[in-house]
Amino acid sequence: MDKHRQGATASYVVLALCAVVWVVLPAAVHRFAQEAFAEFQAPALHLAGKARDLARFWELKSRDKEEILAASRDLARANAALELQLRRYEDIRKENVRLREMLRYNPPPEYLTVVARVAVRDSSTWWQRIVIRKGSDDGVRAGCPVIFSDRVIGKVAVAHHTTSEVDLITSPNFRCTGFLESDEQNRIVLITGAPGRGLASGRSRVTAIPQDYVYPVGNAPKVTTTGLGGVYPAGLILGHLEGGQRTTQDGNFRESSLTPTRDLFSLQEVTVLVPKYPTPGEILLEDQAQKRLDELR
Amino acid sequence: MVWAWFIVLLATLPGLWVADLLTDSLAGTNLVVFISGAAIVAPCRRLKRWQAVLFAACVGFLFEARRPIPLGTLPFLLAGLSIFLTSNRILLRNTPLVLRGAVLCNTLACTAWFTAAGLRAGAFAQGDLGDFTLQLLIQVGFAAAIALLVFVPLALIQDAAMDRTGLPPALESP
């Protein structure tokens, strides 16, 4: 019995030593362990996403023929309307190119778009995430903005080989700057994710709203990205400002909540905007890594 | 058998993935279907201590790998719990006791990752301790209920896998 107890004590001591060693180990080892376990689970996530697609396929396949005919008729109408719109956009595009040539304006760095299906959603008080079925093998990098149409969904938190984790705009880790609609002075507000309360899903908070900002009558004002910081292109919709505004403790600003324009957990597909050139943040991190390497040498 | 812990881990994986899928379907409610704590209890009755520790650490890492929790929190806690359980197998001598152990382990592990993730997200810096406690109670209560519901089928699968690997049966007494 004593031998058994000694063995248990020795195990606790070894575990404590392992924990200490784990804390002291360089971040690269932690990252490697995390990546290894994440990659191990990646096929299951793909399978889950594909199973959902298959279920949707069979659900659609089991529909009545008349229902499908009605849907295709509606789609044909929508297509005709969209074609007209497309021609108008083509004219606008040509005019835009002509004006840029006249002004010798350098277009902003373009983004590559990577369309990705949502594999699984993961939400807790401290994180609001979706896992998408595209990763670093498809060019996705950590920090890339994720959008749906012209709406911001979030930002890539971690890019694995074939999957990526996306922090949604309601996630407490999310930070972004924005402009308020109908604010003629274009003053910058700060948008941060906030932990959910009770069983309510996460929300976003808009802070640094100027005291003299007049809340427009009618529709809730849109909050759009500023393009500052080089992560999100300017003009994307972050959400709508809620009515209830509170004055901050210092009395200089007001704050309010942001309602996302879509139910973030009902998304099936999103678009990742991959910058063609490294963003300022990436360049900064690269420089810091280089400096650390030089110091070590 | 040296690789018994790995075979049990493979047998446990579908259960962990089903928990992930349930979390997916509950995404709008902020609740995580957490079963990693309960998953280590049945193997601790039959695996050797070092095997149980490896198994528990892997289960912990599998949960943490895709979530913003300080890395190492859950694996080391589960490894510690597995040492305790393998050293006190008398505490797991019959089904009600095993079920109680599963609920306790799941609750304890859930408290650990929730607190660690909260610390990382700056929950205490905001000073809203009441809200943190409420959220913790909801998540921990849910984890306890899930452990009660899920433990028996999960333990049956794990026991079947351990039978196949030829591990000696667990200590049983009324």
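These legends accompany close-up views of a predicted model.

**View 1**
Helix H2(A) covers residues 27-61, 35 residues in total. Follow the helix to Ala42(A) and you will find a bend of about 35 degrees. A proline comes within four residues after that point, namely Pro43(A).

**View 1**
Cys144(A) has a relative accessibility of 1%, so it counts as buried. In chain B, Cys105(B) takes part in no disulfide either, and its nearest cysteine sulfur, in Cys44(B), is 7.4 Å away. Cys105(B) also counts as buried, because its relative accessibility is 5%.

**View 2. An edge-to-face pair, Trp3(B) and Phe6(B).**
A pair of aromatic rings is described by the distance of the centres and the angle of the planes. The count over all chains is 16 aromatic pairs. For Trp3(B) and Phe6(B), the ring centres are 6.1 Å apart and the planes meet at 80 degrees, so this pair is edge-to-face. How accessible are the two partners? Trp3(B) is exposed, with 53% relative accessibility, while Phe6(B) is partly exposed at 30%.

**View 3. A tilted pair between two helices of chain B.**
Here Phe114(B) and Phe132(B) form a tilted aromatic pair, with 5.7 Å from centre to centre and 45 degrees between the planes. Phe114(B) belongs to helix H6 (residues 95-120) of chain B and Phe132(B) to helix H7 (residues 129-164) of chain B, so the pair ties together parts 18 residues apart in sequence. Both of these phenylalanines, Phe114(B) and Phe132(B), are buried.

**View 4. The ring cluster and a charge over one of its faces.**
Stepping back from that pair, which residues do ring pairs link into a cluster? The members are Trp126(A) and Trp127(A) from chain A, along with Phe34(B), Phe63(B), Trp113(B), Phe114(B) and Phe132(B) from chain B. One of these rings, that of Phe63(B), has Arg67(B) lying over its face, at 4.2 Å from the ring centre.

How values were computed. Residues numbered from 1 in each chain as written. Chains lettered and ligands numbered in written order. Predicted model: local features only at pLDDT ≥ 70, side-chain atom pairs only at ≥ 80, totals over all residues. Heavy atoms only, no water. Expected span 1.5 Å × (residues − 1). Bend = angle between axes of the 7 residues up to and from the residue. Buried < 20%, exposed > 50% of the residue type's maximum accessible area, 1.4 Å probe, protein only. Disulfide = S-S within 2.5 Å. Phe/Tyr/Trp six-rings, centres within 6.5 Å; stacked < 30°, edge-to-face > 60°. Lys NZ or Arg CZ within 6 Å of the ring centre and 35° of its normal.
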